[in-house]
Amino acid sequence: MLTEYETEVAREMQICNACRYCEGFCAVFPAMTRRWVFARADIHYLANLCHNCGACYHACQYALPHEFAVNVPRALAQVRRETYSTYAWPPTLGRLYQRNGLTLALALSAGLALFLILALLLNGALIHAPLAGNFYAVFPHRLLIALFGVVFGFSTLALAIGVARFWQDLAPGAASAPAVIEATHRVLALTYLDGGHGDGCNEADDRFTRIRRSFHHFTFYGFLLCFAATIIAMGDHYLLDQSAPYALASWPVVLGSLGGIGLLIGPCGLLWLNLLRDPVPGDPQQRPMDRGFIALLLLTSVTGLVLLAWRDSNAMALLLAAHLGGVMALFATLPYSKFAHGIYRAAALLKWAIEKRQKEVLI
Amino acid sequence: MPEASDEKITLIPDVLIIGGGNAALCAALAARETGASVLLLEASPRAWRGGNTQHTRNLRCMHDAPQDVLIGSYPEEAYWQDLLGVTEGHTDERLARLVIRASSTFRPWMHKHGVRFQPPLSGALQVAKTNAFFLGGGKALINAYYRSAEAMGIQIRYDMPVDALELKDGHFVAALCGGQRIAARACVLAAGGFESNRQWLREVYGQDAHGEWPADNFLIRGTRFNQGVLLKFMINAGADTVGNASQSHCVAIDARAPRYDGGIASRIDCISLGVVLNRKAERFGDEGEDFWPKRYALWGRLVAQQPGQLGYAVIDAKPLGKFIPSMFPGTQAASLAGLAHALDLPEASFLHTLNAYNAACRPGTFDHTTLDDCHTEGLLPPKTHWALPIDTPPFFGYTLRPGITFTYLGLKVDPTAAVHFGGQPSDNLFAAGEMMAGNILGLGYAAGIGLSIGTAFGRIAGTQAARQRPGGDHAH
């Protein structure tokens, strides 16, 4: 019934439940003590509640060389990776997680090829006379809306179905307003990367640092700012009848630039930490997924900023095709990349916010 | 930065610390804080560093009003009375009060060295008044202390078990470690007890009527590196000792625990909610005499007296969820006969014992959080609380063995932590932690007391040892 990795989590949770020294670090351990047995849904829940901060591994009296070989961050990370493909929709595409680096590389190639070929077909050449930053002279606005609308719509639907299936398995019950507010705060503040004491999480050794949370904030809020810039630009286009190119001091350019810088600093920092981090308290098999996603985010931000800088040059069509190809790959793979971690973790955090308000009934 | 362990030690440090657990680190940090150069020798490899401290989780702190993680108050007198109670008078009031008063100053100092505390959680409310829990437990504390030690320039060497000391009329000269001679101006001994020394345990617990050595069947809940080598060396060198040499703190734990380092997860928490049998499937104690934490040391000794040093805790489905689960699932069966079979106990005797117990249970109002009125009548031994018939499947069994937490035998010290020879204090040799805890805790145990003794006397020993350095106020 349980997979090999799920069985390992159940074994370790039984030991942890007899010890409970880690209960102050994060939500995983208080959630564990509310349980007597660990069924598949419980294991999936705990796996996605874990932020892989590493504190419980370094504090563990039962970690290797102890014969119990407890390594909760690794055990939960391995199951977490499995849950991404288990809940992915459509299920066939869930298998893309098994070779995620390849998946993202293929998506990127396809995205780039699509826009380069389109540019050639529509304009006859990739190098052209300067167009004063008018993207729509290269790709008609309606074409872009149609392409991205379809891809983004599908990705959103796939993610929604995936997390709905996860939510159904967790059977959390109704969410009260305070529970929603608490979970939202935990997501936005990345509370459980603070180690329970505010000193942060572990990277190369048992030292605590807040740096991972900072880089994640740059990434997360950078992404949100870029997304906001796009939404505002769409509003300007349809509601105010103001088309791109926008002035440097306009909201879409300011927010997009700030977001782009965040998406430059954040993923660079996360990549650096990913390379430097002790591999033992994590799941090495997640690395292609982690690094592929980081690379895709970086490509998006770098091409976006370069495009902004050289939008008046004769290479605009080339830069635009590269940027749009990257964005297309990013959005097309949202339900089958590391991006999904945010959605499932948010769901697990909401489940915890609901559960902790319920009367404790063991078994 | 610490140098490689195999590098020859040439510089003579002001203070040599022998040991690598809480008391050793507190001594090292306190000595270094005064400016002394410090070298610490830990017997274990780095992965096993920290001795029994790895398995601890709180310390007992005096406080007159609610303070950070502590609720209510725990004045000196209440602390002293608790200590007097558990030790049955086997304590030294002067040293005990020294520890108690010092315990009010621990937390800011520990915080400075990176130790973090957590508010009391629901499962431990009964000790939230007396005990401060460090976040993540003892290994997190040890990691914090080692990080602080490294940052302060304390030299740390692992895999360095000291075999002997070079002494001159009670004066420390050098430590001998695998052919290396390590001289220092002063030395702190904080190398733990002897609970992992199987031969020594045999001597203590002797042979039983069947010619067996009960101690061979004991599990050690703490570090495998507490071999008592230095303790034995000091005794042979004529150091004054204290504490009960023939006793150790021995509790009933899960028989499936590893031979060493079973730690907290080896506890079996359901004993007072069921019955306990021996290999003949007979009961041998009042399982409901008092709350389990107050009785587990008694049950360690009781189980040690049974054939094969084995006990079997048996419960039915009713108490599930009312105790902390075991580290491995219990043996489960749908019937009592099935459980007897699964536990490899004689079925007829098992059923006879259980039926007699069930018949003797008097109706009452069960409440596992109070000393309730559910008890047996006409049964020997009786069960005086929480006695419910064991009749609701599935049934669970947990095999028990004695598990040793620590030993009481230690070196006699004075308020400066100085080791004594023939009643005379050494000028530069000090002891801290389990090696001298018997001065204060001669018998019994109270949660968090060991860490408090180790922290108080670790800091005293480190400070005193540092006074021997050139420029220190006791320099020669």
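In which loop of chain A is Asn52(A) found?

1. Asn52(A) is found in the loop between helix 3 (40–49) and helix 4 (55–58) of chain A, helices being DSSP runs of H or I with at least four residues and strands runs of E with at least two, numbered from the N terminus. Although Asn52(A) is not a glycine, it has a positive phi of about 55 degrees.

2. The model is predicted, and local features need pLDDT of at least 70, side-chain atom pairs count only at pLDDT 80 or more, and totals for chains, interfaces and linings use all residues. Residues are numbered from 1 along each chain as its sequence is written, chains are lettered from A and ligands numbered from 1 in the order in which they are written, and side-chain values use heavy atoms, with hydrogens and water left out.

3. Two peptide bonds deserve a look. The bond from Trp89(A) to Pro90(A) is cis, with omega near -10 degrees, and Pro90(A) is found in the loop between helix 5 (72–87) and helix 6 (91–94) of chain A. The bond from Pro393(B) to Pro394(B) is also cis, with omega near 0 degrees, and Pro394(B) is found between helix 10 (347–360) and strand 17 (395–407) of chain B, in a loop.

4. Between chain B and chain A, 36 residues of chain B are in contact with 30 residues of chain A, contact meaning heavy atoms within 4.5 Å. The two chains bury about 3,000 Å² between them, 59% of it on carbon and sulfur atoms, where buried area is the accessible area (1.4 Å probe) that two parts lose on being put together, summed over both. Leu135(B), Arg147(B) and Pro325(B) supply 19% of the area that chain B buries against chain A, more than any other three residues.

5. The count between chain B and chain A is 5 salt bridges, a salt bridge being a side-chain nitrogen of Lys or Arg within 4 Å of a carboxyl oxygen of Asp or Glu. Glu23(A) forms a salt bridge with Arg57(B), the closest N and O atoms being 3.0 Å apart. On the side of chain B that touches chain A, helix 5 (residues 138–151) of chain B gives the most, with 5 residues.

6. Over all chains, a search of the whole structure finds 37 salt bridges. Within chain A, Lys356(A) pairs in this way with Glu182(A), the closest N and O atoms being 3.2 Å apart. Lys356(A) lies in the segment after helix 14 (340–355) of chain A and Glu182(A) in helix 9 (residues 177–189) of chain A, so the pair ties together parts that are 174 residues apart in sequence.
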